[in-house]
Amino acid sequence: SAQGRAIPGPSTEFYPVGREVPTAGFAFCSRKKAFQITKSFIPILEWLPNYRVKEWLISDIISGISTGLVATLQGLAYALLVAVPVGYGLYSAFFPILTYFFLGTSRHISVGPFPVVSLMVGSVVLSMAPDENFLLVSSNTTGLNKTLIDTESRDAQRVLIASTVTFLVGIIQLVLGALQIGFIVRYLADPLVGGFTTAAAFQVFVSQLKIVLNVSTKNYNGILSIIYTLIEIFERIGTTNIADLVAGLLTIVVCMAVKEINDRFKHKIPIPIPIEVIVTIVATGISYGADLEKKYNAGIVKNIPRGFLPPVPPVVSMFSQMAAAAFSIAVVAYAIAVSVGKVYATKYDYAIDGNQEFIAFGISNVFSGAFSCFVATTALSRTAVQESTGGKTQVAGLISAGIVMIAIVALGKLLEPLQKSVLAAVVIANLKGMFMQVCDVPRLWRQNKVDAMIWVFTCVASIILGLDLGLLAGLVFGLLTVVVRVQFPSWGGLGNVPGTDLYRNVKEYKNVVEPQGVKILQFSSPIFYANIDGLKSSLKSTVGFDAVRVYNKRLKALRKIQKLIKKGKLKATKNGIISDSGVANEAFEPDEDPEESEDLEIPTREIEIQVDWNSELPVKVNVPKVPIHSLIFDFGAVSFLDVVAVRSIRTIVKEFERIDVRVYFASHQDSIVTKLEQCAFFDDNIRKDIFFLTVHDAVLHIKSQIMYKDIQDPIFEKISLMQESKEPIEFTETSRPEDELDHAAIIYVVFVLIK
């Protein structure tokens with residue numbers, strides 16, 4: 001039109017005359033593509049429009065209510081692990097769900113506190129705000145000084161530290177997600193996670209044991225802290241509060257018994273019995289009615305904040321003191337959430353985006369850290385409740401957050417008479433699944449001893465060193481096992497299964513046959529600088545000799561033959577055997593006289609005497625026999641080579657070629673040949689015709705060469721020939737041209753058979 005012109009593309013747009021028309025590249029930024037990118041960052045735009053209200057809403061409501069009740073109790077209980085007032089656990093069970101609802105890709109996990117992560121946050125809190133920093137000295141009427149703890153200042157500082165850690169963890173997770181390195185969780189292998197969570201469960205148990213007993217101890221942190229805590233608990237076991245102990249033991253027994261019933265009859269019980277909620281209500285009523293605090297000095301929750309607190313900024317100056325611990329917490333929290341999420345994603349046939357999960361939890365922790373929360377991930381038991389009660393989407397999570405909000409706003413005061421030992425017992429009862437992982441060790445030992453060692457090492461290290469150092473030690477140990485397995489890989493000589501083109505390990509299969517004069521070595525690992533010595537040693541074991549030693553021995557024998565010829569001591573006898581002092585040629589037999597280093601430095605080409613090295617020699621030099629004429633490397637399991645490996649393999653080829661053993665390569669990947677080309681592996685002597693697609697192709701090629709050619713070693717002809725004449729044979733000596741080395745002489749020994 002007169003006012004504008006259309007630009008063809010995915011969506012036709014009109015631009016006024018005189019306005020610069022966008023370039024062709026602009027056509028790729030369509031609305032549809034922009035919306036797809038937006039949905040990848042905000043997954044709720046993907047699944048919420050497809051939400052089946054009639055089919056899913058009722059199930060999500062029921063699941064949300066059940067999960068919310070459990071989340072309320074677990075939030076209160078897990079706050080004890082962080083060493084903050086229990087009311088802040090309710091905030092941690094509420095705020096993270098709000099952001100994950102919009103950004104998360106898992107439909108079933110219940111976001112909130114988890115005991116292992118809570119304990120890791122608690123270790124940071126206790127190390128930066130121990131009781132010793134808040135001591136008060138007061139004097140009484142008798143004139144004696146009494147040391148007290150300023151609990152109000154201590155709790156305020158601990159809440160600030162916990163929220164700052166949460167904020168920093170969120171930043172780290174956001175960075176990792178933005179850099180698209182969600183793969184980092186792959187290095188946390190299942191045995192490592194199993195050992196770590198079991199050790200964490202043990203540490204959680206010890207930390208809650210003193211609350212169940214109501215025994216006051218110091219807050220130990222770092223190496224052997226759990227040992228010191230146990231020692232002090234048993235030293236003060238006499239101060240146990242009986243009311244708290246009885247309440248705690250009854251809670252543990254009842255919760256574990258009902259949970260077992262829920263597991264065994266889950267197909268018959270439509271909704272799991274919310275035993276934690278029932279026990280908490282009953283315990284709160286008993287504590288309030290019997291006035292356990294005044295009569296028996298029982299430890300109760302006391303004050304729970306009502307309503308929400310205003311947001312508080314983090315203390316940036318603390319970041320440097322908690323950076324290392326925050327990184328460990330960020331990775332562990334993410335690993336737990338993703339591993340649990342993948343279980344249910346596989347079960348219900350949908351995908352989880354690992355990098356988006358990093359971003360979702362990062363934003364959740366940054367957001368909740370501003371509202372005095374501690375780090376959020378997912379809890380196994382809470383997620384199981386959400387799924388088993390019929391939860392279909394994160395709508396159930398949002399409803400559970402509504403239940404927690406009701407507890408924060410209206411029901412908090414009703415829980416103030418609740419004994420802390422009951423909450424600690426609820427935590428301990430939920431550790432059963434993690435403790436049962438110990439039963440995996442015998443199975444792991446039978447299946448893979450290395451995995452079992454990783455499990456045990458990580459568990460022991462995490463108990464002794466603490467969770468942060470223990471996780472690092474377990475990760476390093478796991479990587480070292482990979483290095484060791486790559487450095488000392490499996491290898492073996494192969495033989496042919498008769499009547500087929502299959503080749504199997506001669507030590508593992510009885511009826512396989514090695515081709516005559518051919519050795520086949522299978523090396524099952526990438527080859528690089530760390531395991532090249534392993535390749536060389538396995539090669540020696542397979543062929544039965546050392547190519548370098550054979551070459552040096554042959555040089556030494558040739559030198560002695562040369563000397564005997566010059567002295568006239570070497571001649572043909574009447575029976576045709578050339579040697580009156582020959583000895584048996586046995587491989588690797590020790591020599592009577594040491595080797596002379598100056599002789600070994602002279603190249604082979606300077607002495608071209610034709611010798612049958614597998615027969616008796618006319619000199620006392622024990623040259624190892626070489627029973628093969630061909631060597632095949634099966635590189636089917638070799639995924640890459642480095643420069644050191646290429647140079648070493650080239651040296652190996654040359655070492656075998658000079659003792660007349662032809663080297664071939666089979667079953668290699670294309671990338672191997674490309675790497676060899678890049679490293680100048682090929683030349684006039686080493687060509688690509690030694691590479692074959694399969695081992696059988698290489699064997700057939702070798703057999704065809706033997707069948708149609710009279711294979712002769714350039715330094716392999718008979719020195720012990722039978723003479724047909726009874727007269728001694730004269731030997732001729734030929735010297736090299738003047739342009740060669742002056743000290744070298746080429747001796748041609750010719751024996752004529754005379755009948």
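User: Why is Thr 280 called buried?

Analyst: Thr 280 has a relative accessible area of 2%, and a residue counts as buried under 20%, as exposed over 50% and as partly exposed in between, with a 1.4 Å probe and protein chains only. Since 2% falls under that cut-off, Thr 280 is buried. This is a predicted model, in which local features need pLDDT of at least 70, side-chain atom pairs count only at pLDDT 80 or more, and totals for chains, interfaces and linings use all residues. Residues are numbered from 1 along each chain as its sequence is written, and side-chain values use heavy atoms, with hydrogens and water left out.

User: Where does Thr 280 lie, and what does Thr 280 touch?

Analyst: Thr 280 belongs to helix 11, residues 275-290, where helices are DSSP runs of H or I with at least four residues, strands are runs of E with at least two, and both are numbered from the N terminus. Leaving out residues up to four places away in sequence, Thr 280 touches Leu 73, Leu 415 and Leu 418, a contact being heavy atoms within 4.5 Å.

User: What makes Ala 93 count as buried, and which residues is Ala 93 in contact with?

Analyst: Ala 93 has 1% relative accessibility and therefore counts as buried. Ala 93 sits in the loop between helix 4 (87-92) and helix 5 (95-103), and beyond its neighbours within four places in sequence it is in contact with Ala 71, Pro 113 and Val 404. The C-alpha atoms of Ala 93 and Ala 71 are 6.2 Å apart in space, although 22 residues separate the two in sequence.

User: How do you know how much confidence the predictor gives the protein chain?

Analyst: The guide is pLDDT, the predictor's confidence in each residue on a range from 0 to 100. The protein chain averages 81, and 82% of the residues score at least 70. However, pLDDT stays under 50 over residues 1-27 and also over residues 572-608. The model does have 89 contacts beyond four places in sequence for residues 572-608, but where pLDDT is low, the predicted coordinates should not be read in detail.

User: How do you know which strands pair with strand 9?

Analyst: Two strands pair if DSSP finds at least two bridges between them. Strand 7 (residues 491-496) and strand 9 share 3 bridges in the antiparallel sense, with Gly 492 opposite Gln 522. Strand 9 and strand 10 (residues 630-634) run parallel and are joined by 5 bridges, and here Val 518 has Ser 630 as its bridge partner. Both counts reach the cut-off, so both strands pair with strand 9.

User: What makes strand 8 and strand 12 edge strands?

Analyst: The open sheet has 6 strands in the order 8-7-9-10-11-12, with mixed pairing. Strand 8 (503-505) and strand 12 (691-692) each have a single partner strand, so one side of each is left without a neighbour in the sheet. Strand 8 is joined to strand 7 by 3 bridges, and the two run antiparallel.

User: Why is helix 6 called roughly perpendicular to helix 8?

Analyst: Helix 6 (residues 115-128) and helix 8 (residues 190-213) pack at about 65°, with their axes 9 Å apart. Helix 6 is thus roughly perpendicular to helix 8, as angles under 35 degrees count as roughly parallel, over 145 as roughly antiparallel, 65 to 115 as roughly perpendicular and the rest as oblique. The axes are lines fitted to C-alpha atoms, for helices over the stretch in contact, with angles from 0 to 180 degrees between N-to-C directions.

User: What makes the relation of helix 22 to helix 25 roughly parallel?

Analyst: The axes of helix 22 (residues 532-543) and helix 25 (residues 643-657) come within 10 Å and cross at roughly 25°, which makes helix 22 roughly parallel to helix 25. Among the residues making this contact are Leu 535 and Leu 539 of helix 22 and Ile 649 and Ile 652 of helix 25. Helix 22 also lies across strand 7, strand 9 and strand 10, at about 150° to strand 9.
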